[in-house]
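Please keep the structure in view while reading.

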Amino acid sequence: MKIRDKQRLGYLAAFLLLVTAEVLIALLVHDAFIRPYFGDVLVVVVIYCFLRVLFPSGVRLLPLYVFLFAATIEGLQYFDLVHLLHLDGSRFFRILLGSVFDWADIACYAAGGLLLGLWEVIRYRRQHAKGGRIA
């Protein structure tokens, strides 16, 4: 099995595990920290892992792109996108796209993006310490 395929499988496993964690948090946790803050940090990691399944290498700024995507979705909540698209009757789309803008959510997305950026730096240094190419 090629290294790239192994990476894809690893990211797929992480994606599935993290999506499961997100669903469990959404369904079972009703507190003032884990669900509103940790869940938002985690969603950035979920999106990153999904994209790494598709693009296991060659996207150096992926953590930044994922943060910008999440922040854009949050920004669209400010303009009540769900209502503008006439999807406010759908619970699925209200949850998926969100319906309440919050600066704290953007801060959580930034924290997730920073953690992913740190992960990328560690991965890069480890790969170069071995004398190999970053994948």
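The structure, which is a predicted model, holds zero disulfides. Cys49 takes part in no disulfide, and the nearest cysteine sulfur, that of Cys108, is 18 Å away.

**Cysteines**
- The sulfur of Cys108 has its closest cysteine sulfur in Cys49, and because the two are 18 Å apart, they are too far from each other for a bond; a disulfide would need the sulfur atoms within 2.5 Å.
- Cys49 has a relative accessibility of 5% and therefore counts as buried, and Cys108, at 8% relative accessibility, also counts as buried, since the cut-off for buried is under 20% relative accessible area.

- In soluble globular proteins, nonpolar side chains tend to be buried together.
- The largest nonpolar core in this model has 20 residues, and those with the most contacts inside it are Leu18, Val44, Tyr48 and Cys49.
- At least two residues of this core come from each of helix H1 (3–28), helix H2 (34–54), helix H3 (62–78) and helix H6 (103–129), and H2 gives the most, with seven residues.
- Leaving aside residues up to four places away in sequence, Val44 touches Val66, Ala70, Tyr109, Gly112, Gly113 and Leu116.

**A nonpolar surface patch**
- Met1, Leu9, Leu12 and Leu16 form a nonpolar patch on the surface, and together they have about 420 Å² of accessible area.
- Leu16, which lies in helix H1, has a relative accessible area of 49% and so is partly exposed, because only values over 50% count as exposed.

Note on methods:
Residues are numbered from 1 along each chain as its sequence is written. This is a predicted model: local features need pLDDT of at least 70, side-chain atom pairs count only at pLDDT 80 or more; totals for chains, interfaces and linings use all residues. Side-chain values use heavy atoms; hydrogens and water are left out. A nonpolar core is a set of buried Ala, Val, Leu, Ile, Met, Phe, Trp, Tyr and Cys residues joined through side-chain atoms within 4.5 Å. Buried means under 20% relative accessible area, exposed over 50%, partly exposed in between (1.4 Å probe, protein chains only). Helices (H or I, at least four residues) and strands (E, at least two) are DSSP runs, numbered from the N terminus. Contact means heavy atoms within 4.5 Å. Patches are made of residues with over 30% relative accessible area and no salt bridge: like charges are joined within 9 Å, nonpolar side chains (Val, Leu, Ile, Met, Phe, Trp, Tyr) within 5 Å. Accessible areas come from the Shrake-Rupley method with a 1.4 Å probe; for residues, only the protein chains shown count as cover. A salt bridge is a side-chain nitrogen of Lys or Arg within 4 Å of a carboxyl oxygen of Asp or Glu.
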